[in-house]
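Dear colleague,

Please find below the structure that I am passing on to you, together with its sequence. My notes on it follow directly after.

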Amino acid sequence: MMDKNIHDYDDIINLPRHVSKRHPPMPVTERAAQFSPFAALTGFEDAIKESGRLTDQRMELDEDEKRILNEKLRILNQRILECPEVKITYFKPDEQKEGGAYCMVRGRVKKIDVYEGVIKMQDGTRIPVGDITGLEGELFP
């Protein structure tokens, strides 16, 4: 019985492969796509990466730190026409989840917009005053 099965296709085994005259061969890129893995849970991998992304928690300044920061902002506002160069550390809330990141910007201050509550830098960066945790520069002792 085993010998019979082995020789079932002896008559066609050495024939050339059939090439259709009606249908052109499929490009290799499309052919490979048929065998690509199927993602049954689309977006699941992105959700896992997002949940694993770390964020910092906002630290609250104590009263002394707030007083010092307010004094520095007052000095900066008085000398705004000099376009002083400063280094500002601030908390940037994350748009996707709770928490955020502490950022540092170094540059020249263009304007302090009291109405909007932001510091506008010459490069166009806008920093909310309520998010500032540190302010350094040549203006401050």
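Lys120 forms a salt bridge with Glu116, with 4.0 Å between the closest N and O atoms. Please note that the model is a predicted one, and that every value in this message was computed from it. The general principle behind such pairs is that side chains of opposite charge can pair when their charged atoms come close.

Asp113, by contrast, is counted as buried because its relative accessibility is 10%, and buried here means under 20%.

Where does Asp113 sit? It is found in strand 2, which covers residues 100-113. Its side chain also approaches the backbone: a polar atom of that side chain lies 3.1 Å from the backbone nitrogen of Tyr115. The backbone nitrogen of Glu116 is likewise placed 3.0 Å from a polar atom of the Asp113 side chain.

How many salt bridges does the structure hold? There are eight, and two others deserve a description here.

One of them joins the side chains of Glu85 and Arg108, with an N to O distance of 3.7 Å. This pair links distant parts of the chain, as Glu85 lies in strand 1 and Arg108 in strand 2, 23 residues apart. Glu85 counts as partly exposed because its relative accessibility is 34%, and Arg108 is placed in that class because its value is 38%.

The other is formed by Glu82 and Arg79, whose closest N and O atoms are 2.9 Å apart. With a relative accessible area of 47%, Glu82 is partly exposed. Arg79 is also counted as partly exposed, at 34% relative accessibility.

Cys83 calls for a separate remark on its backbone. Its phi angle is near 45°, which is a positive value in a residue other than glycine. Cys83 is located in the loop between helix 4 and strand 1, the latter covering residues 85-93. The relative accessible area of Cys83 is 24%, so the residue is classed as partly exposed.

Glu65 counts as partly exposed because its relative accessibility is 40%.

The second topic is a nonpolar patch. Which residues make it? Tyr9, Ile12 and Leu15 do, and the patch has an area of about 340 Å². Ile12 lies in the loop between helix 1 (2-6) and helix 2 (28-33). At 44% relative accessibility, Ile12 is therefore counted as partly exposed.

I hope these notes are of use as you begin to work with the model.

With kind regards

Terms used:
Residues numbered from 1 in each chain as written. Predicted model: local features only at pLDDT ≥ 70, side-chain atom pairs only at ≥ 80, totals over all residues. Heavy atoms only, no water. Buried < 20%, exposed > 50% of the residue type's maximum accessible area, 1.4 Å probe, protein only. Helix = DSSP H or I, 4+ residues; strand = E, 2+ residues; numbered from the N terminus. Polar contact = N/O pair within 3.5 Å; in protein donor to acceptor, adjacent residues only side chain to side chain. Patch = residues over 30% accessible without salt bridge, like charges linked within 9 Å, V, L, I, M, F, W, Y side chains within 5 Å. Areas by Shrake-Rupley, 256 points an atom, 1.4 Å probe, with all protein chains shown as cover.
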